[in-house]
Amino acid sequence: MRRHDDHLEELYGLPAFTFPAPGETATLPEPDAVAWRIGYKRWESEESWVETFGRFCAEVDITRVRALIVGIWGDVEDTDPSEVIEALLAVRDRLPALRSVFLGDITDEECSLSRISQTDVTPLLTGFPALEDFGVRAGWGTSLGETLKLEFPALRHDALRRLTVQSSGLPGGVVRGVGASELPALVHLDLWLGSNDTGGDCEVADLEPILSGARMPRLRHLALRNSEIQDEVAAAVASAPVVARLEVLDLSMGILSDDGAAALLGGQPLTHLTKLDLHYNFLSEPFRQRIRQALEPAGVEVDLDQGDVDYEVDGTVWRSICVEGLY
């Protein structure tokens with residue numbers, strides 16, 4: 001089990017730069033030279049996220065800004081980022097160059113992944129039709145009895161090339177929404193499915209529209225990872241039409257066992273891939289060798305770094321996904 005201990009170091013090919021807190025003196029980089037991080041740890045500043053963003057808009061030529069990283073926006077366990085989304089949409093006409101947004105660059109020190117409140121994030125995509133890269137980190141929280149979890153209703157977006165959803169428990173509704181979306185430019189899709197204990201109620205059937213590839217004709221990098229149903233995912237991928245056009249297939253960070261590996265090896269050929277990423281897994285050494293022998297002679301890069309060790313309680317073997325976020 002691993003943690004999110006570091007903030008993003010780059011986004012959209014640009015180094016991350018945190019906009020200075022009130023009273024800090026710093027030379028600001030050119031607006032289009034960095035990915036700007038907005039937001040501080042709660043104990044570092046009493047300024048709200050919206051207030052910080054207001055200063056940012058006043059001090060930086062935001063017409064040239066290409067990438068924004070949204071950090072902690074307050075008490076994220078019981079406050080979703082609705083105000084953040086509203087603030088961004090309020091100045092969208094002043095952000096013509098914006099191409100990348102990451103919503104929720106929050107480490108476990110600030111809030112565990114499973115407890116990061118979220119909301120419907122698609123208004124950001126519809127509000128910024130030129131956006132090429134969108135990422136979000138999501139768990140779920142509660143406020144006044146209301147569950148604050150990620151939503152992603154189906155939409156069409158003609159420019160989006162990269163979509164990343166990091167979660168320790170991704171709702172099935174989000175997976176279905178992504179799969180039902182028309183994303184003709186999407187090249188890279190990365191979904192962390194998570195575990196049922198933290199809200200990840202996705203089933204393999206929810207992945208079928210993604211695995212068909214019909215609504216994502218340019219998809220070349222598919223990551224379905226950090227899942228407790230990784231063997232079932234691997235079995236579905238083994239016969240999925242989308243695989244034939246992929247360059248990178250990533251089934252890492254989950255509870256992948258020999259059963260899932262056998263399904264992959266018994267399915268369609270994978271020798272056209274440039275990379276098969278299975279790092280953090282629970283495969284036996286014989287299956288590791290079988291995968292290497294099947295793919296490496298064809299030039300496929302294979303990542304088989306192992307996951308945590310099994311542990312046994314009262315005769316039951318337990319395995320965990322890589323990032324549970326239960327802290």
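Colleague: Where does His157 lie?

Modeller: His157 sits in the loop that joins strand S8 (146-149) to strand S9 (162-167). Helices (H or I, at least four residues) and strands (E, at least two) are DSSP runs, numbered from the N terminus. The model is predicted, so local features need pLDDT of at least 70 and side-chain atom pairs count only at pLDDT 80 or more, while totals for chains, interfaces and linings use all residues. Residues are numbered from 1 along each chain as its sequence is written, and side-chain values use heavy atoms, with hydrogens and water left out.

Colleague: Is His157 buried or exposed?

Modeller: Buried means under 20% relative accessible area, exposed over 50%, partly exposed in between (1.4 Å probe, protein chains only). His157 has a relative accessible area of 2%, so it is buried.

Colleague: Which backbone atoms lie by a polar atom of the side chain of His157?

Modeller: A polar contact is a pair of N or O atoms within 3.5 Å; within protein, one must be able to donate a hydrogen and the other to accept it, and residues adjacent in sequence count only if both atoms are side-chain atoms. For His157, the backbone oxygen of Leu125 is at 3.3 Å. The backbone nitrogen of Ala159 is at 3.2 Å.

Colleague: What is His157 in contact with, leaving aside neighbours within four places in sequence?

Modeller: Contact means heavy atoms within 4.5 Å. With those neighbours set aside, the partners of His157 include Phe128, Glu182 and Pro184.

Colleague: Where is Leu95 found?

Modeller: Leu95 belongs to the loop between helix H2 (82-90) and strand S5 (100-103). Its relative accessibility is 3%, so Leu95 counts as buried.

Colleague: How many disulfides are there?

Modeller: A disulfide is a covalent bond between the sulfur atoms of two cysteines. The test is a pair of cysteine sulfur atoms within 2.5 Å. By this rule the count is zero. Cys202 is in no disulfide: the nearest cysteine sulfur, that of Cys322, is 18 Å away. Cys202 has a relative accessible area of 10%, so it is buried. Cys57, at 9% relative accessibility, is buried too.
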